[in-house]
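Trainee: Could you take me slowly through one part of this model, the sheet, and show how its strands are arranged?

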Amino acid sequence: MDTALYEYESAFNIKVTLTKAQRLQTGESSMTHAMVITAVHLDKEGKPVRYRVENSWGLVGDKGYFVMSDNWFDE
């Protein structure tokens, strides 16, 4: 998953103005399940690029795993 994976503003004709933290504070989003980081891909400088994440929802994604970009965690 990546913040640029979907164009929500174009698809739903809305303006997304809240940050992830603000969405949690206002109830627009909520923590509904657990995810475990099982691996990390680092660039040549040792900076995280992407993560392999196990999803508690079971076999969703690729055999229960997703790949998430570092940008997703930065939002």
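Mentor: Strand β1 and strand β2 (residues 48-55) pair in the antiparallel sense over seven bridges, where two strands count as paired if DSSP finds at least two bridges between them, and where strands (E, at least two residues) and helices (H or I, at least four) are DSSP runs numbered from the N terminus. Within this pairing, H41 stands opposite R50 in β2. This is a predicted model, in which local features need pLDDT of at least 70 and side-chain atom pairs count only at pLDDT 80 or more, while totals for chains, interfaces and linings use all residues. Residues are numbered from 1 along each chain as its sequence is written, and side-chain values use heavy atoms, with hydrogens and water left out.

Three strands make up the open sheet, in the order β1-β2-β3 with antiparallel pairing; β1 (35-42) and β3 (65-69) are its edge strands, each of them pairing on one side only. On average, and with direction ignored, neighbouring strands of this sheet are turned by 25 degrees against each other, the axes being lines fitted to C-alpha atoms and angles running from 0 to 180 degrees between N-to-C directions.

Turning to side chains, the charged end of R52 sits over the ring of Y65, 3.6 Å from its centre; this requires NZ of Lys or CZ of Arg within 6 Å of the ring centre and within 35 degrees of the ring normal. As for confidence, β1 has the highest mean pLDDT among the elements of the chain (91), and helix α3 (residues 70-74) the lowest (77), pLDDT being the predictor's confidence in each residue, from 0 to 100.
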